Amino acid sequence: MKNETDAVDAIMAQWQREKPEFDLTAMEVLGRLKRASAMLSPKIEKVFLEFGLNQPEFDVLATLRRSGAPYCLAPTELFSTLMVTSGTMTNRMAQLEKKGLIERVPNPDDARSKLVKLSDKGFELIEAILPHHVQNGLSLIAGVDGGSLSDLNQSLKDLLTALGTSEAE
């Protein structure tokens with residue numbers, strides 16, 4: 001599989017022919033990341049849809065679940081963890097509350113605000129989805145050997161660290 005060419009190779013060959021003076025390293029890497037994301041998203045979301053959720057709704061429930069008991073966070077913690085705006089988070093919470101998957105409970109530290117808590121129904125749903133989501137992910141990466149996955153994981157971590165550093169500057 002290592003010597004196979006892909007669509008990005010064809011694009012790079014065209015650019016190298018037309019603009020040989022350009023360093024296309026970033027275009028090649030980012031093109032593959034973009035294509036991988038576009039290919040993975042529907043395959044990942046397929047599991048959530050089977051349970052009546054979309055990716056953003058799953059993300060909220062999963063964030064609450066992994067926070068540990070009592071599965072409750074402040075809205076600001078949620079939207080900063082999920083890297084969305086407060087307006088987007090408000091909309092997601094309204095939809096999940098309407099489905100009975102979360103509830104807003106009084107904040108014992110601040111009477112003016114509410115916390116977002118995973119409801120019993122939400123807890124049961126996320127527990128039902130998680131094994132399918134984990135298995136789906138493993139199936140999606142099954143064609144890549146462990147050493148390559150480890151290298152890829154570290155390289156992506158390095159890229160995200162560099163991007164975070166760039167934002168801070």
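This is a predicted model: local features need pLDDT of at least 70, side-chain atom pairs count only at pLDDT 80 or more; totals for chains, interfaces and linings use all residues.
Modeller: Residues are numbered from 1 along each chain as its sequence is written, and side-chain values use heavy atoms, with hydrogens and water left out.

Colleague: Why are α2 and α6 called roughly antiparallel?

Modeller: Helix α2 covers residues 25-50 and helix α6 residues 120-141, and they pack at about 155 degrees with axes 9 Å apart. Angles under 35 degrees count as roughly parallel, over 145 as roughly antiparallel, 65 to 115 as roughly perpendicular and the rest as oblique. The α2 and α6 pair is therefore roughly antiparallel.

Colleague: And what makes α3 and α5 roughly perpendicular?

Modeller: For α3 (residues 55-66) and α5 (residues 86-98), the angle is about 85 degrees and the axes are 10 Å apart. That value sits in the perpendicular range of 65 to 115, so α3 and α5 are roughly perpendicular to each other.

Colleague: How do you know which residues of α2 and α6 meet?

Modeller: Contact means heavy atoms within 4.5 Å. On the α2 side we find L40, K43, I44, V47 and F48, and they meet I129, H132, H133, N136 and L140 of α6. This contact divides into 6 nonpolar, 3 polar and 1 charged. (Ala, Val, Leu, Ile, Met, Phe, Trp, Tyr, Cys and Pro count as nonpolar, Asp, Glu, Lys and Arg as charged, and the others, Gly among them, as polar.)

Colleague: What makes something a pocket here?

Modeller: On a 1 Å grid over the protein atoms alone, a pocket is an open set of points with protein on both sides within 12 Å along at least five of seven lines, whereas a cavity is a set where a 1.4 Å probe fits but cannot get out; lining residues have an atom within 4 Å of a point. The largest pocket has a volume of about 1,600 Å³. Its lining counts 28 residues, and R32, A36, V144, L149 and L152 are the closest to its centre.

Colleague: Which helix gives the most to that lining of the largest pocket?

Modeller: That's α2, with 10 residues. The second largest pocket holds about 220 Å³, and α2 has the largest share of its lining too, 5 residues.

Colleague: Which residues line the second largest pocket?

Modeller: S37, L40, S41, I44, E45 and Q55.

Conventions
Axes are lines fitted to C-alpha atoms, for helices over the stretch in contact, and angles run from 0 to 180 degrees between N-to-C directions. Helices (H or I, at least four residues) and strands (E, at least two) are DSSP runs, numbered from the N terminus. Grid points are joined across faces, edges and corners, and a volume is the space filled by probe spheres set on the points.
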